[in-house]
Amino acid sequence: MSEGDLSVPFRRRAGSAMKDAQLQEALTIATTKFIGLRREAFEEFPDGETLRDQAREIKEATLQSLDRYLEQLIDNIERRGGRVHYATTPEEARAVVLDIARRTGARMAVKSKSMASEEIHLNEALEAAGVTPVETDLGEYIIQLAHERPSHIIAPAIHKTKEQVADLFAKELKREVAADPEVLTRIARVELREKFLTADLGITGANFAVADTGTVVLVTNEGNGRMVTALPRVHVAVMGVEKIVPSMTDLMVFLAILAKSATGQKFSVYTTLVQGPRRAGELEGPEEFHLVLLDNGRIRQLAGPLRESLSCLRCGACLNVCPVYRQIGGHAYGYTYPGPIGILLTAMLNGPESVKDLAHASSLCGACVDACPVRIDIPRMLIELRREVDEKKIAPWTERVVFRALATLLLSRHLYRWSGPIARLLQRPFARAGVIRHLPFFFGDWTRTRDLPAVAPRTFRERWDGMERGS
Amino acid sequence: MTTREEFLSRIRAEMLKTGGLFPASPAPRPSDPRAVAETLRRQLAEHWPGALERFRREFERVGGVLYRAASLEDVPRVVAGIAREREARRLVAWHPSALGGDLGPALAARGLEPLAMPPGEVGDAHERGRLRQAIADAEIGLTGVDLAIAETGTLVLRSGPGRPRSTSLLPPYHVAVFDRTALIESLSQVGVLLELWHRDELETAAVISFITGPSRTADIELTLTRGVHGPKEVHAIFVEREIRG
């Protein structure tokens, strides 16, 4: 789904996702499987809970001295001959990468999966500048061929069936193949192998960066992260400033829980520690190494209401357990980052205006907090966002008026006492068998997808008063 | 363009507005990683059979196959066995100085076509291209191992002279050779060694690769498929008698 679809309201986007039978099946299978794998991984890892607490603390400690750790990281990278760039906005980040591409005469860029590069819409910019971007994570490759966007942070093509992938390969690669994941994967291997060997530029994100050593860390299962950092002559890593950790000791805490949370693996297949460009005596490796430090709304949140979401590891665990994500999938959210954490990140990147509907796309059940490896309190921040959307008058006036009236009512004993009899009178035309199915005017928004229980013939309070008198 | 100073001063300005969410400190680091590493080595000198067994279990769980060889001289026999079953002949290997010995002649005698990597960088671009093609065309990549992590069945390989990164990446079969000095129990112990390597700038590398089994993906309908970009099989040969490189 392209950003253009944001012209369709969230309610309609969510509605059509729920009517898409194939998507519903894919979502149920995938999220249920991820939940089970994650649970098993932590069940046989007794240190897990302690390490999660520690990881949470390390993230907070890092933010408390972020300037110092960043300086350390920058100095260490430059000492080894790498270059560091600073991007406040997506435009700036794109300009930095394009400039490197131009200066080095790059014609093709191979990319390993990077949400940061999705976030800054790097591919479109590269294409416009005459550099062909090739996504090499299998899921990302599939959605690039389909001209779509990722629908899950770690499984971008989770919404596609194998038949759809086979049709896509037939159309885009002119290869008629069986709808068999094994066969399809082999085709992608051959197609992409040639790209790895000929590309000039390797573009990655970063799962972590270690300040003390100047190390950029990439975690993949497929090995594409290794390919793009070993073969092309230039490597550019794009990273949000919050991905930094102080030391190698801290890094190992995160590595111990990341894969378990994301895919239920004990450890991902490839963890690649990149420490600058090729060194003297090496046969291969990039001649140039660049790190682009990205702000894009993050720095503002150091003292903002969304600070805690700067601890996110992008593991996707909160998506799988979210009753809303499980129903509507990633595309309906409409932005780069879907799911519960995605709502917060969207607000961070695009401002509260962008989440006036999304802030309500949560039942606040708290399953995300339980699943989050660093226990980010997502519901707390969603409530804050709802408040902000209300206070800045971004929410529709009807919503604000109704909830304000409700607040007044609930805070006044006398008003509340009288609300029962009045509501019984007003609901008479709409209530059937104790349920209100349709409300008139703008109140209808409430009953569009849910029933409202009618006010009882006698409220609890009225009955209580009666009992008191009776005794 | 934003400069380093502008970027950092904006961060400092925001940091001044808040005391943070709760009191927090990073993980306690070993003050003397060398001493800790030394203790770990002494402990493992006794406990290595347990660590090796745990490594085997985890390595097999992720799809690896473990073999044992009496000495480095015995390794070509094991490699040839792996190659024969897969009808593989072309092999690229780390330079003998990085591998701990020259296995080329013995491998060739067993019908393989081994090619050792050069000990250092290659100035000539044409020759570099030829070597890359040779690695890409090879069926087996033979490498050493810096660490074998028992907790996760992970092999850790540092890049450097004579040990090109792609030898463990491009060929479909990766065969790695290690001895008990590479064995280590846990991820947290690896943290100590990484701290140590970085104090010794000489021991650190441009790239440190953690490899936990063969390349895999589950991006199509969450169906597990091996060998998507990297090797589809990973074999590890444990050498009983210490390799001296």
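Two strands pair if DSSP finds at least two bridges between them. Strands are DSSP runs of E of at least two residues, helices are runs of H or I of at least four, and both are numbered from the N terminus.

This is a predicted model, in which local features need pLDDT of at least 70 and side-chain atom pairs count only at pLDDT 80 or more, while totals for chains, interfaces and linings use all residues. Residues are numbered from 1 along each chain as its sequence is written, and chains are lettered from A and ligands numbered from 1 in the order in which they are written.

**A sheet across two chains**

Strand S9 of chain A and strand S9 of chain B run antiparallel. An open sheet of eight strands, with mixed pairing, has the order S8(A)-S5(A)-S6(A)-S9(A)-S9(B)-S6(B)-S5(B)-S8(B). S8 (244-245) of chain A and S8 (183-184) of chain B stand at the edges; each has a single partner strand, so one side of each is left without a neighbour in the sheet.

| Strand pair | Sense | Bridges |
|---|---|---|
| S9(A) 270-274 / S9(B) 207-211 | antiparallel | five |
| S6(B) 154-158 / S9(B) | antiparallel | four |

A:Thr272 stands opposite B:Ser209 in S9(B). B:Leu155 has B:Ile211 of S9(B) as its bridge partner.

**The interface**

Chain A gives 81 residues to the contact, chain B 67. Contact means C-beta atoms, placed from the backbone, within 7 Å.

**Chain A**

Chain A has 21 helices and 13 strands. Its C-alpha atoms fill a box of roughly 95 × 55 × 45 Å along the principal axes. Of the contacts in chain A with a separation of 6 or more, 72% join residues 24 or more positions apart.

Terms used: Contact = placed C-beta atoms within 7 Å.
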